[in-house]
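Thanks, everyone. I'll keep this short and talk about charged pairs, then one surface patch. Here is the structure.

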Amino acid sequence: MISVIGYHTTKFGELWNKSLYDLVGEVIRGVLKDAKLEKEHCDAIFIGNMLGGVLENNLHSGAKVAEILDTHIPVFHVESACASGGIAFNMAVNYITAGKAHTVIVVGAEKMTDFPPDVTISGLSAAASGDEQEVGLTFPGLYAMLARVYMETYGYTEEDLAYVSVKNHYHGFLNEYAHFRKQITIEDVLKSPYVASPLKVLDSSPISDGASALIISSNHQLVAQAKYVAKILSSEVATDSISLKSRKRLDELLATKIAADKAFDQAKIDRKDISVAELHDCFSIAELLAMEDLGFWKKGTAGKRIKEYETMHGNGNGFIVNTSGGLKAAGHPVGATGVKQIGEVYLQLTGRAGKRQVKKSRYGLAHNVGGSGGTAVVTILGN
Amino acid sequence: MKTSPVKVWRRQKTLRKLLGMKGKIITWTVISVPGHKHKDQAPFPVILVQLENKQRICGQLVEYNESDLTTGKEVVSILRKVHKPSEDGVIAYGIKFRPAS
């Protein structure tokens, strides 16, 4: 059994006084402190980052981390668009399972606000197909196309999507590390300008800087000594065609469905056992699709059920979604997101989530997506 | 993020096979916040089209009225400049669509 035994994150937001590797160094030092370990306890590091090479000619992260830590252990760079952090975690788990290590640091980091928005948007588009890039489709544009199919197929409106943002901004309001700590209303969402119709600014996650890190271990002694422990019950990955034009259905993300089925089979628990979930709400439509594709809600019903706010903190139905604020309010430094999601579930399961703590949380799920659904990773933790 | 002239040339070799084809809009959006190559064009509509031969492609819709932006609308593929020239001055042409009627 492999367990999470430490977590640290920076605040997400516009962190102009810190470089990418300032953030990486900060979270590595922070997570070692949280787990009460020294760097000598760790056998390897996996680092998820998407844009360092694209935006700032900043690659070979292994050697850069080695310099920061003054170490010679293996350091692996993982890139899988917005799923880079989740995939880094998955590979770290597999690395331990394969017997190559006992204790591994997983880092996710991204620096996005040093550049004009159109440059960062073009950089993110590297994760789309060449055809989609050439016609000017952005990621908001791709999700907008999915949103329109969903709305027209099941009879929903832009207002129905807005409930996701209102809920997640409330959770961000409770999270001191969130990019946005401001509550919003349905009217605020509907009045915000379009990014790619039908999606508006307040349907969309922001461009953020930030880094997060976890320590995972199969070392019985270290796990026994650790004060806060969550077991990794499963971490599963699935892929799909990168282009929307090649997908059979546009009202779902098939990679999410496949990864979720594998993860629940591996964890040997049911959907109803999950108390907290961090879902990949890069846009409001993405959380609705995820609730259905992960098997929590029946296909076509999420646009209606979200309006009951049954997954909002304080509503007491035993299943709360995106307590961190999600990508929407906590922020979306793309390489860091997948690690932060698992970190938030870990905080919840170990009773350290502060004002947003969900009581009696026993099982939690993290869902991280790359691109418009070309990659999905689902991780389930238990305590 | 530079555009290689060779990449433009390679992609354009297959374009003629897609010209003059009819299809229907499956889904669409209007991009208001574009990447830097399309910065001068915003806002612009992008549609995903199912052609009569069942092939699907995406492209911008041009020469349109607001009422043409509807799922199911018939469109026809045409050749247009797709984004601003590269630093080498190579103009990238590609498929766009206009309403069929």
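Start with Asp240(A), which is partly exposed at a relative accessible area of 24%. Keep in mind that this is a predicted model. Asp240(A) forms a salt bridge with Arg247(A), with the closest N and O atoms 3.5 Å apart. The arginine in that pair, Arg247(A), is buried, with a relative accessible area of 5%.

Next, a pair in chain A between two helices. Lys167(A) and Glu287(A) meet through their side chains in a salt bridge, 2.9 Å from N to O. Lys167(A) sits in helix H8, residues 158-173, and Glu287(A) in helix H12, residues 284-293, so this contact ties together parts that are 120 residues apart in sequence. Buried or exposed, for Lys167(A)? Buried: the relative accessible area of Lys167(A) is 0%. Glu287(A) is also buried, at 0%.

Now Glu26(A) and Lys18(A). They form a salt bridge, and the closest N and O atoms are 3.0 Å apart. Glu26(A) counts as partly exposed at 25% relative accessibility, and Lys18(A) counts as partly exposed at 29%.

There is also a network of salt bridges, which links Arg249(A), Asp251(A), Glu252(A) and Lys257(A). How many salt bridges does a search of the whole structure find? Over all chains, 25.

Last, the patch on chain B. Leu19(B), Leu79(B), Ile91(B) and Tyr93(B) make a nonpolar surface patch of about 310 Å². Leu19(B) is in the loop between helix H1 (5-12) and strand S1 (22-31) of chain B. Its relative accessible area is 34%, so Leu19(B) is partly exposed.

Note on methods: Residues are numbered from 1 along each chain as its sequence is written. Chains are lettered from A and ligands numbered from 1 in the order in which they are written. This is a predicted model: local features need pLDDT of at least 70, side-chain atom pairs count only at pLDDT 80 or more; totals for chains, interfaces and linings use all residues. Side-chain values use heavy atoms; hydrogens and water are left out. Patches are made of residues with over 30% relative accessible area and no salt bridge: like charges are joined within 9 Å, nonpolar side chains (Val, Leu, Ile, Met, Phe, Trp, Tyr) within 5 Å. Accessible areas come from the Shrake-Rupley method with a 1.4 Å probe; for residues, only the protein chains shown count as cover. A salt bridge is a side-chain nitrogen of Lys or Arg within 4 Å of a carboxyl oxygen of Asp or Glu. Helices (H or I, at least four residues) and strands (E, at least two) are DSSP runs, numbered from the N terminus. Buried means under 20% relative accessible area, exposed over 50%, partly exposed in between (1.4 Å probe, protein chains only).
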